[in-house]
Amino acid sequence: MWPSLIKKAKEGGLNTIETYVFWNAHEPQPRQYDFSGNLDLVKFIKTIQKEGLYAVLRIGPYVCAEWNYGGFPVWLHNMPNMEFRTNNTAYMNEMQTFTTLIVEKMKHANLFASQGGPIILAQIENEYGNIMSAYGEDGKEYVKWCAQLAESYKIGVPWIMCQQSNAPDPMINTCNGWYCDQFKPNSKNKPKMWTENWTGWFKNWGGQIPHRTAQDVAFAVARFYQFGGTFQNYYMYHGGTNFGRTSGGPYITTSYDYDAPLDEFGNLNQPKWGHLKQLHEVLKSMEEVLTHGTSNNTHYGNMMTATAYRYNGKSVCFLGNANATSDATIMFQSTQYTVPAWSVSILKDCTTEVYNTAKVNVQTSIMAMKDDEADNKDDEPTSLNWQWMHEPHVQMKDGQVLGSVSTKAPKLMDQKVVTNDTSDYLWYITSVDISKNDPIWSNDIKLRVKTHGHVLHVFVNGGQAGYQYAQHGKYSFTYEAKIKLKQGKNEISLLSGTVGLPNYGAHFGNVSVGVCGPVHLVAVKNNTEVVKDITNNVWSYKVGLNGEIVKQYSPDNKKGWNSNALPSDRVFVWYKTIFKSPKGTDPVVVDLRGLGKGQAWVNGNNIGRYWTSYLADENDCISTCDYRGTYHPKKCITKCGRPSQRWYHIPRSFLRNDDQNTLVLFEEFGGHPYDVKLATVTVDKICANAYEGHVLELACSEDRVISDIKFASFGVPKGECGSFEKGQCESPTALSVLRRRCLGKQGCSVEVSERMLGPSGCRVPQNRLAVEAVCDITTNK
């Protein structure tokens with residue numbers, strides 16, 4: 001997807017691509033490096049260069065990014081005397097080794113700008129200033145060391161440190177956040193730079209879907225350049241998918257859509273992509289004046305400020321209204337201007353408004369998941385035939401642990417120490433001898449387990465006693481349930497599951513995961529608890545599921561699958577089916593409705609964790625979002641009471657040409673695959689409400705055309721997409737013009753003017769064109 005995504009970014013007006021470098025992906029085991037396939041960093045930078053763009057390389061190597069363990073390999077934690085991100089010799093040695101490797105790879109390929117390459121900036125560390133105080137003087141020394149290390153590489157381009165107000169010279173400290181217009185670098189000799197303009201927010205399992213409006217993002221960008229900004233980067237411009245087990249958190253979803261201008265699947269997220277594209281075009285047309293000119297601010301009160309830039313006889317002006325509720329009407333250079341609340345108007349030559357952040361003149365695309373059979377009704381049915389297999393959960397027989405034991409210990413161990421993050425799952429297995437004279441012996445015995453989970457499955461004597469998972473952001477909990485023991489030897493097997501390792505915060509690397517204890521058997525006798533502590537029993541540890549070990553998800557693994565009596569609502573089941581590749585070029589997704597929690601593979605590729613049964617809270621969702629006012633992740637949320645994620649991305653590069661694609665699911669909680677289906681993501685409907693004086697461009701997905709213009713009114717239309725209404729006046733010919741220019745075409749453009757659409761008869765400063773159109777599959781498909 002790289003070339004397509006980079007091309008769309010360029011078409012959206014970007015001139016630079018910024019990327020992290022993920023240490024745990026490139027060095028999964030000490031000195032075992034992987035730069036193959038999608039991890040080919042050199043190839044990625046060269047792809048950027050081929051498109052004529054610049055690159056910013058954020059080496060870190062701590063990245064946060066809601067990525068598993070913040071991008072650190074877990075083996076790093078397991079080294080002796082290790083403490084992350086401070087004046088610690090063990091850590092700094094490893095950080096230097098990896099950073100040197102990356103820098104040398106870039107140098108060898110001549111990728112720094114000083115060598116004629118596209119990399120114009122490099123970053124060391126990442127948002128360390130947010131947590132530096134927790135490390136005291138060692139934190140300050142570490143920052144100095146990072147700067148010295150970076151400078152020692154002599155790469156010939158500047159180094160940056162984001163969120164680091166004390167960044168030593170010549171490091172450039174930069175800003176991250178939703179708004180950075182008031183940010184100031186720590187030296188007048190350093191440019192004002194914004195490394196992360198958060199275009200939305202990430203999603204959590206059990207959380208609703210956050211959105212940030214196009215108007216608000218554009219407002220933040222325009223304000224930044226109004227007040228002296230020189231460089232800003234969108235985080236994210238394309239967020240994509242956390243394939244495999246790469247999502248962190250804990251509880252970050254597989255989707256990392258981020259409400260970015262390019263959505264998870266690579267589609268244009270309209271209107272955000274188009275509204276920002278127009279802003280980029282305006283800003284780049286003024287680049288010389290903005291970068292070389294002098295500026296002057298005029299304050300009108302009530303959060304209204306005019307800024308004029310002048311250089312070499314040219315001028316550019318910004319009229320910024322940061323009031324969240326009131327429009328502002330001002331006299332500026334003998335001319336009256338009205339600036340909507342929470343918006344910025346940009347004036348070419350300080351006279352003519354060429355852009356306002358609140359006025360969206362591009363289409364809104366309503367996306368839909370289209371069943372493959374919905375557009376191909378004459379083709380054969382696309383129902384899926386399933387096979388299944390149990391995942392073994394009996395871990396002991398005749399007192400012996402079955403399978404390969406990783407280690408034994410008379411204590412409970414941190415899960416990541418044992419697994420080295422090779423699996424989400426770790427078995428804790430022990431046995432307990434109970435005699436009839438044991439004080440604990442009773443018909444009413446409970447097992448009580450304290451865990452840092454995030455999921456715990458409990459099995460006693462081969463039978464499931466229950467499971468529990470962390471909720472509401474509290475990733476430690478105590479499991480307690482009644483169990484049935486017998487006299488003699490009893491097997492107790494605890495399966496601990498993680499859902500992404502922590503990725504942020506001071507000392508995050510030391511946060512323990514797994515069963516931490518205590519583990520107690522509890523009986524109540526004479527209203528008094530009798531406790532048998534088995535925390536320090538000898539525990540056997542087994543890493544991963546049997547299906548993971550034997551690669552049950554591989555298309556080549558055909559043994560042991562059952563075709564009859566498909567189980568449902570049963571824990572620890574593997575499901576497999578064969579499916580055809582959906583037609584066309586639209587992105588492919590799989591709907592996992594009906595399932596609980598687990599992981600999914602397509603043709604052996606892990607497409608991520610799923611947790612379809614985890615529903616978002618039912619409260620606080622809204623049908624419309626007011627762009628005005630400071631953004632926060634709970635401001636504009638949707639999908640209350642629904643799965644945090646139901647659809648999962650299958651890149652077409654994962655699919656086979658012979659249509660014999662294998663989908664394998666590991667179902668952990670219990671569900672059924674009957675409702676699973678394949679679909680494509682496409683533009684289903686187009687809406688727009690564009691202002692006079694602009695050219696409105698409408699477009700469907702590549703395989704579709706505009707099949708109907710359901711509404712078109714040029715004048716003073718009312719309402720919103722899906723509920724447009726005609727105003728008190730309108731052009732009588734607008735609808736016919738739209739139909740003539742657009743029907744049957746994949747895309748069309750219309751000049752929003754009375755010359756094109758006919759006189760409206762409205763006595764208003766600016767007419768508007770409201771359009772609602774339908775996209776449908778082309779007839780020749």
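Reply: Phe318 has Ile346 of strand E14 standing opposite. Two strands count as paired if DSSP finds at least two bridges between them. This is a predicted model, in which local features need pLDDT of at least 70 and side-chain atom pairs count only at pLDDT 80 or more, while totals for chains, interfaces and linings use all residues. Residues are numbered from 1 along each chain as its sequence is written, and side-chain values use heavy atoms, with hydrogens and water left out.

E11 and E14 are part of an open sheet of five strands, in the order E9-E10-E11-E14-E15, with antiparallel pairing. Strand E9 (294-301) and strand E15 (352-356) are at the edges; each has a single partner strand, so one side of each is left without a neighbour in the sheet. From one strand to the next the twist averages 20°. Angles run from 0 to 180 degrees between N-to-C directions, and axes are lines fitted to C-alpha atoms, for helices over the stretch in contact.

Helix H8 (residues 272-285) packs on this sheet and touches E11, E14 and E15, and its direction makes about 140° with that of E15. Contact means heavy atoms within 4.5 Å. The 14 residues of H8 should span 20 Å at 1.5 Å a residue, and the end C-alpha atoms are 20 Å apart, which agrees. The expected span is 1.5 Å times one less than the number of residues. Ten of the 14 residues of H8 are buried, so the helix is largely enclosed by the rest of the structure. They are Lys272, Trp273, Gly274, His275, Leu276, Gln278, Leu279, His280, Val282 and Leu283. Buried means under 20% relative accessible area, exposed over 50%, and partly exposed in between, with a 1.4 Å probe and protein chains only.

Another helix can be treated in the same manner. Helix H6 (residues 136-152) has 17 residues, which should span 24 Å at 1.5 Å a residue; its end C-alpha atoms are 25 Å apart, which agrees. Its buried residues include Tyr142, Trp145 and Leu149. The buried residues of H6 pack against helix H5 (89-108), strand E3 (119-124) and strand E4 (159-162).

A four-stranded open sheet has the order E25-E22-E27-E28, with antiparallel pairing. Its edges are strand E25 (477-483) and strand E28 (528-533), each with a single partner strand, so one side of each is left without a neighbour in the sheet. In this sheet the twist averages 25° from one strand to the next. Strand E22 (residues 445-451) runs antiparallel to E25 and is joined to it by seven bridges, and Leu447 has Ala481 in E25 as its bridge partner.

Strand E41 (residues 768-777) has seven buried residues out of ten, so E41 is largely enclosed by the rest of the structure. E37 pairs with E41 in the antiparallel sense over seven bridges, with Cys687 opposite Glu772. E39 pairs with E41 in the antiparallel sense over ten bridges, and there Ser713 stands opposite Ala770.

Two loop residues remain. Phe669 lies in the loop between strand E36 (661-667) and strand E37 (677-691) and is buried, with a relative accessible area of 7%. Leaving aside residues up to four places away in sequence, Phe669 touches several residues, among them Val455, Tyr467 and Trp611. Phe669 and Phe572 are 97 residues apart in sequence and 7.0 Å apart in space, C-alpha to C-alpha. Pro732 is in the loop between strand E39 (704-715) and helix H12 (734-742) and is exposed, with a relative accessible area of 72%. From Pro732 to Val432 there are 300 residues in sequence and 85 Å in space, C-alpha to C-alpha.
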